[in-house]
Every structure is written in structure tokens, then in C-alpha cells.
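Okay, thanks for making time, everyone. I'll walk through one structure today, going from the overall layout down to a single residue. Let me put it up.

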Amino acid sequence: MAKVTISLNMDVVEEGDGGIDESLLNQLASDLGDAIVELVNAKKGIFGTVNLFINGEQYSSVNFD
């Protein structure tokens, strides 16, 4: 089996007074992680890890097989 490591870094730049709501950002990161794991789990013969970062800080790490 082949090992795959996927790392995704979301760089968020706050512009103006509004910026992005942190809960929305966390939900986006969570949804992206779930979608990547679901996609990769559908493939046969690979396993590995999905690492999600927000502005360079690790948000989550999920193993798949």
C-alpha cells in the first residue's frame, strides 16, 4: 500500500473591520478535512494522513486507510 500525506494550509488575512468569523473558519476547515478523507477513503491501496493548518498553526490531523 502507498502512504500519502496531504497538508492543507489556509492563510487568512483579515481585511477591514469585518474579518472572518472564527467559527466559520473552523467549520470550513472541518468540512474540507472531511471531504478530503471521504475522497481518499474511496480509493483502494493507499493510506495516510490529512493535516489541516490555519495560518501555519495545526488545526487537525486525521488518519485514513
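So, what's in here? The protein chain has 1 helix and 3 strands. Keep in mind that this is a predicted model. If you follow the sequence along, the elements come in the order β-α-β-β. Now, the radius of gyration is 14 Å, well over the 11 Å that the globule rule gives for 65 residues, so the chain is more spread out than a compact globule.

Next, surface and burial. Of the 65 residues, 22% count as buried. The accessible surface of the chain comes to about 4,700 Å², and 50% of that belongs to carbon and sulfur atoms.

And what about contacts along the chain? Taking those with a separation of 6 or more, 58% are between residues 24 or more positions apart.

Okay, let's go inside. Which residues make up the largest nonpolar core? There are 6 of them: Ile36, Val37, Val40, Val50, Leu52 and Phe64. H1 gives the most, with 3 residues.

Last stop is Phe64, one of those core residues. What does phenylalanine 64 touch, leaving aside neighbours within four places in sequence? The list includes Val37, Val40 and Val50. Phe64 is also in contact with Val4, Asn41, Ile46, Phe47, Gly48 and Thr49.

Conventions: Residues are numbered from 1 along each chain as its sequence is written. This is a predicted model: local features need pLDDT of at least 70, side-chain atom pairs count only at pLDDT 80 or more; totals for chains, interfaces and linings use all residues. Side-chain values use heavy atoms; hydrogens and water are left out. Helices (H or I, at least four residues) and strands (E, at least two) are DSSP runs, numbered from the N terminus. The radius of gyration is taken over C-alpha atoms; the globule rule is 2.2 Å times the number of residues to the power 0.38. Buried means under 20% relative accessible area, exposed over 50%, partly exposed in between (1.4 Å probe, protein chains only). Contact means heavy atoms within 4.5 Å. Accessible areas come from the Shrake-Rupley method with a 1.4 Å probe; for residues, only the protein chains shown count as cover. A nonpolar core is a set of buried Ala, Val, Leu, Ile, Met, Phe, Trp, Tyr and Cys residues joined through side-chain atoms within 4.5 Å.
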